Every structure is written in C-alpha cells, then in structure tokens.
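This report goes through a few local features of one structure. Please look at the sequence and the model before reading on.

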Amino acid sequence: LAALEVDVMMQMRAKDYAERFNACAPPKQVDFLEASMVHLEGVDFAVEAFLVGSFAKHSNNAGFVADDVVRHTPHAFAHFTFEASCAEEIVVDIQG
C-alpha cells in the first residue's frame, strides 16, 4: 500500500478506537475526522475536512506530552488504545 493509503487507514482505525472509547462513557468524548483518498490527474491525495479554530497538540509520535495545560482525556484515550489492542497499537499525536 502507498504511504497515503496507510495514513488514511490508520486515521479510520483511530476513529474506530474513538467510538469504542466513547462507548465506555468517558467524561469527555473523542473523535477523529474521516479521511479519504482522492486521485486527480495521476496524483494521489489524502484529504479530510478543514476545521476552523485553534487546536492544541497534546502528544506526538516522538514522545512529546504537553504539560503546560494537562488534559486527561487525550492520555486516557492513548492508554485505552494500547489496552484495547492488546499492546499492539497506541494512538498518539492527539490534538484538540
């Protein structure tokens, strides 16, 4: 699979984990945008809806964890994905 296809598939896996997390009735729910592949004139693009507003990054793939304003939901969700996947996956790089 092409890198963009893998990215879109992982975005949808994160959305599935979010639905499973939300089914546990957390104090704050999480959601992920739906991503799609578009093929135009021989070029592939991964696209998602544009959201207006300002967003803070809570964690990233390199181990960064925001500590200026601690939000428990992003970290609880990351932990949930690790447990729900039997330690096979973890969703990080969370913004909100």
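## Elements and model

Helices (H or I, at least four residues) and strands (E, at least two) are DSSP runs, numbered from the N terminus. The model described here is predicted.

## The crossing of two helices

Helix 1 covers residues 3-22 and helix 2 covers residues 72-84. Their axes come within 10 Å and cross at roughly 100°. Angles of 65 to 115 degrees count as roughly perpendicular, and helix 1 and helix 2 are therefore roughly perpendicular to each other.

On the side of helix 1, the contact is made by Ala14, Tyr17, Ala18, Arg20 and Phe21. Helix 2 contributes Thr73, Ala76, Phe77, Phe80, Thr81 and Ala84. Of the residues in this contact, eight are nonpolar, two are polar and one is charged.

In soluble globular proteins, nonpolar side chains tend to be buried together. In this model the largest nonpolar core has eleven residues: Ala14, Tyr17, Ala18, Phe21, Val30, Phe32, Phe77, Ala78, Phe80, Val91 and Ile94. Helix 1 gives the most, with four residues.

Ile94 is one of the core residues. Not counting residues up to four places away in sequence, Ile94 touches Ala56, Lys57, His58, Ser59, Pro74, Phe77 and Ala78.

Which residues does Lys15 contact, leaving aside its neighbours within four places in sequence? They are Asp31, Phe32 and Glu34. Lys15 is found in helix 1. Its relative accessible area is 13%, and buried means under 20%, so Lys15 is buried. A polar atom of the Lys15 side chain lies 3.0 Å from the backbone oxygen of Phe32.

Pro26 lies in the loop between helix 1 and strand 1 (35-40). Pro26 counts as buried because its relative accessibility is 18%. From C-alpha to C-alpha, Pro26 and His79 are 13 Å apart in space, and they are 53 residues apart in sequence.

## After helix 2

Cys86 is placed in the segment after helix 2, and Ala87 is placed in the segment after helix 2 as well. Neither residue is a glycine, yet Cys86 has a positive phi of about 55° and Ala87 has a positive phi of about 70°.

Are these residues buried or exposed? Cys86 counts as exposed, at 64% relative accessibility. Ala87 is partly exposed, with a relative accessible area of 45%.

Methods
Residues numbered from 1 in each chain as written. Predicted model: local features only at pLDDT ≥ 70, side-chain atom pairs only at ≥ 80, totals over all residues. Heavy atoms only, no water. Axes fitted to C-alpha atoms, helices over the stretch in contact; angles between N-to-C directions. Parallel < 35°, antiparallel > 145°, perpendicular 65-115°, else oblique. Contact = heavy atoms within 4.5 Å. Nonpolar A, V, L, I, M, F, W, Y, C, P; charged D, E, K, R; others polar. Core = buried A, V, L, I, M, F, W, Y, C linked by side-chain atoms within 4.5 Å. Buried < 20%, exposed > 50% of the residue type's maximum accessible area, 1.4 Å probe, protein only. Polar contact = N/O pair within 3.5 Å; in protein donor to acceptor, adjacent residues only side chain to side chain.
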